[in-house]
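Dear colleague,

I am handing over the structure below, together with an account of what was found in it. Please have the sequence and the model open while you read.

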Amino acid sequence: MNVIEQIEREQFKESVPELRSGDTIRVHAKVVEGTRERIQVFEGLVIRVTGGGLRRNFTVRRVTHGVGVERTFMIHSPRIDKIEVLRHGDVRQARLYYLRDKVGKEGRIRERRSKVAAAVEVEPEEDGETPAPKGRAKAKAESKPAGKPTKAAAKA
């Protein structure tokens, strides 16, 4: 390993979220104003992720009051305090430059859904009885009068 790789390895941040295009994120960036330093939050949509390793960066787009603002951040920069992923977008392209021309509802992106867990089967109780009905079926079973015979019982 050469000296440059060793220095780069020291600059890496430990906890960096996995970013993809279409994700809505909140970036807490340190801003220096004169002698004071404060944290400014920039919330928007990731329209591209480029580079690799220490040089990896991402561009975030935000539209406020009809004006679009794009800002590019280095992921491992010491100026970034933290990155929060608010939601994952479902997109098919790596670069979302087409959103620059979209206004309002046209610029929305669907949320990426995680896979649904398989349905769990209800096992009968140990004494061989079927499980008690739940929800509407329970209410329907309780509402039937016990003394009045049904039509099927009257025919038999």
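**A charge over a ring, and its neighbours**

The charged end of Arg 71 sits over the ring of Phe 42, at 5.8 Å from the ring centre. Please keep in mind here and throughout that this is a predicted model, and that the values below were computed from it. The ring of Phe 42 also belongs to an aromatic cluster, whose other members are Phe 58 and Phe 73. The count of aromatic pairs comes to two, where a pair requires ring centres that lie within 6.5 Å.

**From strand to strand**

Strand 1 (residues 24-33) pairs with strand 2 (residues 36-50) in the antiparallel sense, over 10 bridges. Within this pairing, Lys 30 has Ile 39 of strand 2 as its bridge partner, while the bridge partner of Ala 29 in strand 2 is Gln 40. The two strands form a hairpin with two residues between them, and Gly 34, which lies in the turn, has a positive phi of about 70°.

Strand 2 then runs antiparallel to strand 3, to which five bridges join it. Here Val 46 stands opposite Val 60 of strand 3, and Arg 48 stands opposite Thr 59 of strand 3. Strand 2 and strand 3 also form a hairpin, this one with six residues between the strands, and its turn contains Gly 51, with a positive phi of about 80°.

Strand 3 and strand 4 pair over eight bridges, again in the antiparallel sense, and Thr 64 stands opposite Val 67 of strand 4. These two strands form a hairpin with two residues between them, where His 65 in the turn has a positive phi of about 55°.

**The largest pocket**

Where does the lining of the largest pocket come from, and which residues are the closest to its centre? The pocket holds about 520 Å³ of space. It is lined by 18 residues, of which Leu 45, Val 63, Gly 104, Gly 107 and Arg 108 are the closest to the centre. Strand 2, strand 3 (57-64) and strand 4 are the elements that give two or more residues to this lining, and strand 3 gives the largest share, with three residues. By residue type, the lining of the pocket divides into six nonpolar, six polar and six charged residues.

With best regards

Methods: Residues numbered from 1 in each chain as written. Predicted model: local features only at pLDDT ≥ 70, side-chain atom pairs only at ≥ 80, totals over all residues. Heavy atoms only, no water. Phe/Tyr/Trp six-rings, centres within 6.5 Å; stacked < 30°, edge-to-face > 60°. Lys NZ or Arg CZ within 6 Å of the ring centre and 35° of its normal. Pairing = 2+ DSSP bridges. Helix = DSSP H or I, 4+ residues; strand = E, 2+ residues; numbered from the N terminus. 1 Å grid on protein atoms, 1.4 Å probe; cavity = no way out; pocket = protein on both sides within 12 Å on 5 of 7 lines; lining within 4 Å. Points joined across faces, edges and corners; volume = space filled by probe spheres on them. Nonpolar A, V, L, I, M, F, W, Y, C, P; charged D, E, K, R; others polar.
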